[in-house]
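I opened this notebook to keep a record of what I looked up in one protein structure. The entries follow the order in which I consulted the model.

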Amino acid sequence: MYDVNEIRNQFPILSRKVHGKKLCYLDNGASAQKPKRVLEAINTAYSFEYANVHRGLHYLSNLATEKFEGVRDKIKKFLGAENLEEIIFTSGTTEGLNLVSYGWGVPNLTEGDEILLSVMEHHANIVPWHFLKERKGVAIKWVEPREDGSLPVEDVAAALTANTKLIAVTHMSNVFGSIVDVKGICEIAKVKNIPVLVDGSQAAVHMHVDVSDIGCDFYSITGHKLYGPSGSGALYVKKDRLSEMIPFIGGGSMIKEVKRESTTFNKAPFKFEAGTPRIVEMIGLGAALDFIGEVGLSNIERHEKELKHYLDSELKPLDWLNIQGHSSTNGAILSFTMDGGAHPHDISTILDRHGIAVRAGHHCAQPLMDHLGLSATCRASFAMYNTKDEVDFLIKALRSCHEIFN
């Protein structure tokens with residue numbers, strides 16, 4: 001049984017009030033809240049177990065190292081990777097994507113090579129490729145989503161050329177919530193020997209991910225969307241690609257030996273993890289993955305689908321609400337504008353007075369906003385702890401907002 005009330009009890013922040021109203025947190029696409037287990041793991045690590053990892057022979061260092069490296073194995077299993085060395089710790093998806101851009105892109109791409117992106121990409125999966133465009137002369141080619149917000153495999157296939165050297169695509173749009181068939185994309189890319197990078201920031205928290213089954217070369221996740229701490233995340237790199245990459249940042253830990261004349265590098269994944277790592281943040285992420293595992297990702301996915309189905313049915317009478325993206329694959333993300341001249345920022349402010357937290361803006365997806373002819377939308381995004389009652393709160397508040405502007 002999925003007891004959403006018991007799950008909610010594990011998140012202290014959900015008991016608070018905002019503007020005298022019970023908090024209805026629907027900004028999970030930006031960052032999810034943290035359960036007690038994560039908060040306690042962080043507090044314990046800092047209060048009783050903290051020491052630097054890898055470098056010490058004393059008890060606390062060994063304990064911290066054991067807990068820290070234990071998270072690598074948890075992420076390996078969570079993503080379905082085959083080898084521990086394929087899991088590189090990062091501060092989140094942004095660092096992971098930049099690591100691929102610099103660590104793999106710089107040594108492997110040359111002037112005239114093409115990187116294929118979808119117009120739905122988050123800025124984190126656009127700006128690093130702009131860097132390569134400026135510094136290496138590579139070209140960026142775009143695939144536009146369909147009107148319903150979907151990105152069919154055949155559209156991606158049609159955009160490939162002899163110069164395509166990398167496909168970088170989101171697994172789940174942070175605006176539409178549409179799920180991309182990344183496995184299908186990897187299958188067509190493999191035939192042409194084109195590496196595929198997948199931005200898994202949104203998808204990994206809502207659905208089961210198996211990188212071995214998907215067949216991608218790179219897959220990046222971020223901890224703060226997985227109910228873990230900010231500053232935590234990981235990049236999966238297929239073993240065959242590790243030898244093609246150069247280090248992104250230099251310093252301690254990533255070295256094997258340093259001389260006055262030269263440096264030799266450590267083996268992967270440590271080769272890409274310079275300096276004192278985010279020890280406690282990663283321990284907190286490990287606790288978050290344990291929590292997700294106990295609740296059951298399939299149970300979370302089922303709950304969120306039921307929630308989305310209920311939301312869709314309640315939205316049907318609101319013909320003055322303009323919903324962006326109607327793909328049948330959409331996850332529990334709702335982006336919208338409102339008739340009557342209400343700006344998304346105004347809508348968000350009014351919803352906030354009702355205790356409802358949503359996101360308003362371009363959602364770090366300005367190329368997509370330009371494609372839609374919009375400057376911004378409101379976005380309500382759902383998580384394991386949201387309820388049908390909260391959907392009702394949202395609908396009631398939206399009606400109130402519409403009345404104000406009409």
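**Entry 1: The largest pocket**

I began with the lining of the largest pocket, to which α12 (297-315) and β14 (333-338) each supply at least two residues. Helices (H or I, at least four residues) and strands (E, at least two) are DSSP runs, numbered from the N terminus. I noted that α12 gives the most to this lining, with seven residues.

The model is predicted: local features need pLDDT of at least 70, side-chain atom pairs count only at pLDDT 80 or more, and totals for chains, interfaces and linings use all residues. Residues are numbered from 1 along each chain as its sequence is written, and side-chain values use heavy atoms, with hydrogens and water left out.

A pocket is taken on a 1 Å grid over the protein atoms alone, as an open set of points where a 1.4 Å probe fits, with protein on both sides within 12 Å along at least five of seven lines; lining residues have an atom within 4 Å of a point. The volume is the space filled by probe spheres set on the points, which are joined across faces, edges and corners.

I read a volume of about 450 Å³ for the largest pocket. Its lining comprises 26 residues, and Lys 308, Asp 312, Thr 329, Asn 330 and Gly 331 lie nearest the centre. I then sorted the lining by class: nine residues are nonpolar, 11 polar and six charged. In this scheme Ala, Val, Leu, Ile, Met, Phe, Trp, Tyr, Cys and Pro count as nonpolar, Asp, Glu, Lys and Arg as charged, and the others, Gly among them, as polar.

**Entry 2: The second largest pocket**

I found about 370 Å³ for the second largest pocket. It is lined by 24 residues, of which Gly 29, His 122, Asn 174, Lys 225 and Cys 364 are the closest to its centre. The lining holds five nonpolar, 14 polar and five charged residues.

Cys 364 sits in the loop between β16 (359-361) and α14 (366-372). With 31% relative accessibility, Cys 364 counts as partly exposed; buried means under 20% relative accessible area, exposed over 50%, and partly exposed in between (1.4 Å probe, protein chains only).

**Entry 3: Two further backbone details**

I noted a positive phi of about 55° at His 19, which is not a glycine. His 19 belongs to the loop between β1 (17-18) and β2 (21-22), and its relative accessibility of 41% makes it partly exposed.

The peptide bond from Ala 268 to Pro 269 is cis, with omega near 5°. I located Pro 269 in the loop between β12 (263-265) and α11.

**Entry 4: The nonpolar cores**

In soluble globular proteins, nonpolar side chains tend to be buried together. A nonpolar core is a set of buried Ala, Val, Leu, Ile, Met, Phe, Trp, Tyr and Cys residues joined through side-chain atoms within 4.5 Å.

The largest such core has 77 residues, and Ile 75, Leu 79, Tyr 219, Tyr 227, Met 384 and Tyr 385 have the most contacts inside it. Helix α11 (residues 279-295) provides the largest share of this core, 11 residues. Another core, of 28 residues, lies apart from it and includes Leu 321, Leu 334, Met 338 and Ile 356.

Which residues does Ile 75 touch, not counting residues up to four places away in sequence? I listed Ile 87, Phe 89, Ile 221, Ala 234, Met 282, Leu 285 and Leu 289. Contact here means heavy atoms within 4.5 Å.

**Entry 5: Salt bridges**

How many salt bridges does the structure hold? I recorded 19, a salt bridge being a side-chain nitrogen of Lys or Arg within 4 Å of a carboxyl oxygen of Asp or Glu.

One of them joins Arg 37 and Glu 294 (2.9 Å, N to O). This pair links distant parts of the chain, with Arg 37 in helix α2 (residues 36-48) and Glu 294 in helix α11, 257 residues apart. Arg 37 is partly exposed at 30%, whereas Glu 294 is exposed at 58%.

I also recorded the salt bridge of Arg 146 with Asp 155, whose closest N and O atoms are 2.8 Å apart. Arg 146 is partly exposed, at 40%, while Asp 155 counts as buried, at 19%.
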